[in-house]
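Dear colleague,

I am handing over the structure we spoke of, with a short account of what was found in it. Please look through it alongside the notes below.

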Amino acid sequence: MLHIAPRLNRIKPSPSSMAGQRARELRATGRDILSLTAGEPDFETPAHIKEAAIRAMAAGQTRYTDVGGTPALKEAIAGKFLGENGLAYASNEIIVGTGAKQVIFNALMCTVAAGDEVIVPAPYWVSYPDIALLAGGVPVCVDCPAAMGFKLQPADLDRAITGRTRWLMLNSPNNPSGATYTRAELAALAEVLRRHPHVWILTDDIYEHLIYGDAEFATMAQVAPDLKDRTLTVNGVSKAYAMTGWRIGYGAGPSALIKAMVKLQSQSTSGPNSIAQAAAVAALTGPQESIAANRREYAQRRDTVVAALNAIDGIECAVPDGAFYVFASCSALFGLRTPQGVAIQTCDDWVMHLLDAQNLAALQGSAYGVPTHFRLSFAASTEQLLEGCRRVARGRDELSGPVIHQEPQ
Ligand code: PLP
């Protein structure tokens, strides 16, 4: 009999991966499924990056690399941090991993012991609580209401910190809400963190370049340099350069933490893919035009989706400052019924109704710690997005109500 270790029972499969898989399965049965669940750019990796990978292969860069990343890529990462964020990191303060996800995984696995707490502002990227749980820790989710722009408030942070707190997870721009912290907002959180020197900060900046309008990107180590010696700044090439499948992410922080993470990585993947690392060097040091071009396109799509959704009775969404998701409220629909008489009581019911009745795959806010909302990705063509919004509108129009609760006779 197969024996699954108890640690695995603490976690669930990634809801976004599962939703994508379910959409593919339903499509294979002949249904016209439109999936707006993707957490990845729909653009191609720029040609000069692919060419760098081909050159690396031809030059024989096909062997194991240093566990924590090639010297060339670490140098490119150091250059990126200095040039874009004003942050100086030495080579032993940088690790390259198989995606930002592995970097985050390494960090928590190396530092979180049984019962240690990890503060996760909600809405959160689905993996933070599960990685904390896998490490034996306790995710402490702190609600960041829509009325506060889905951002962590300093007083709420202060209240959530205990003697067992190891990490604060910060993600800006945020998946799923797009919330993007200003310098002043980060400085206010830093004020609280100064009073709690045992708390480390993991900032997940993977959506740094997907930022719209007047919003400006800032990261904690830059805003509060005195906290740099307890901050791990995580980033990667997946979203900025449309390179999700290449699996390259990186982190920068104090050398003792990086050393521990490299040790762990030496016993898991042995290091990231050599060819993808060469491609990431080209991404970080080569032409950057694709970033601005993609950003312009995303900004238009964002405005299209937000306007279309807000025109639907009962759906409400704010304009996200960053990332490529809209996070819309569906709570006004709770209590209504489908034509089959099924009551919509949760965001899960609403998302299931969209899939069943309209062949539209979306993600339920409960997966992100906010059960009143649902997430649509706008990393899709404008035609797909408009069709998606039409399906949401039709799904809404099918509902009627309110629910009449009949007392049992
Ligand atoms: N962090 C956030 C907030 C994300 O949304 C994602 C991917 O969806 C990642 C990290 C993972 O990035 P990578 O592809 O580099 O592992």
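The notes that follow take the sheet and then the helices that go with it.

Please bear in mind throughout that this is a predicted model. Seven strands form an open sheet with mixed pairing, and their order across it is E2-E8-E7-E6-E5-E3-E4. Strand E2 (94-97) and strand E4 (138-143) are the edge strands, and because each has a single partner strand, one side of each is left without a neighbour in the sheet. From one strand to the next, the twist averages 20 degrees.

Turning to the helices, helix H5 (residues 100-111) lies across E2, strand E5 (165-171), E6, E7 and strand E8 (249-252), and runs at about 165 degrees to E5. H5 also packs with helix H6 (residues 127-134), at an angle of about 40 degrees and with the two axes 9 Å apart, and the crossing in which H5 passes H6 is right-handed. On the H5 side the contact is made by Lys101, Ile104, Phe105, Leu108 and Met109, while H6 contributes Ser127, Tyr128, Ile131, Ala132 and Leu134. Sorted by class, the residues in this contact of H5 with H6 are eight nonpolar, one polar and one charged.

How values were computed. Residues are numbered from 1 along each chain as its sequence is written. This is a predicted model: local features need pLDDT of at least 70, side-chain atom pairs count only at pLDDT 80 or more; totals for chains, interfaces and linings use all residues. Side-chain values use heavy atoms; hydrogens and water are left out. Two strands pair if DSSP finds at least two bridges between them. Helices (H or I, at least four residues) and strands (E, at least two) are DSSP runs, numbered from the N terminus. Axes are lines fitted to C-alpha atoms, for helices over the stretch in contact, and angles run from 0 to 180 degrees between N-to-C directions. Contact means heavy atoms within 4.5 Å. A crossing is left-handed if the near helix is turned anticlockwise from the far one by less than a right angle, and right-handed if clockwise. Ala, Val, Leu, Ile, Met, Phe, Trp, Tyr, Cys and Pro count as nonpolar, Asp, Glu, Lys and Arg as charged, and the others, Gly among them, as polar.
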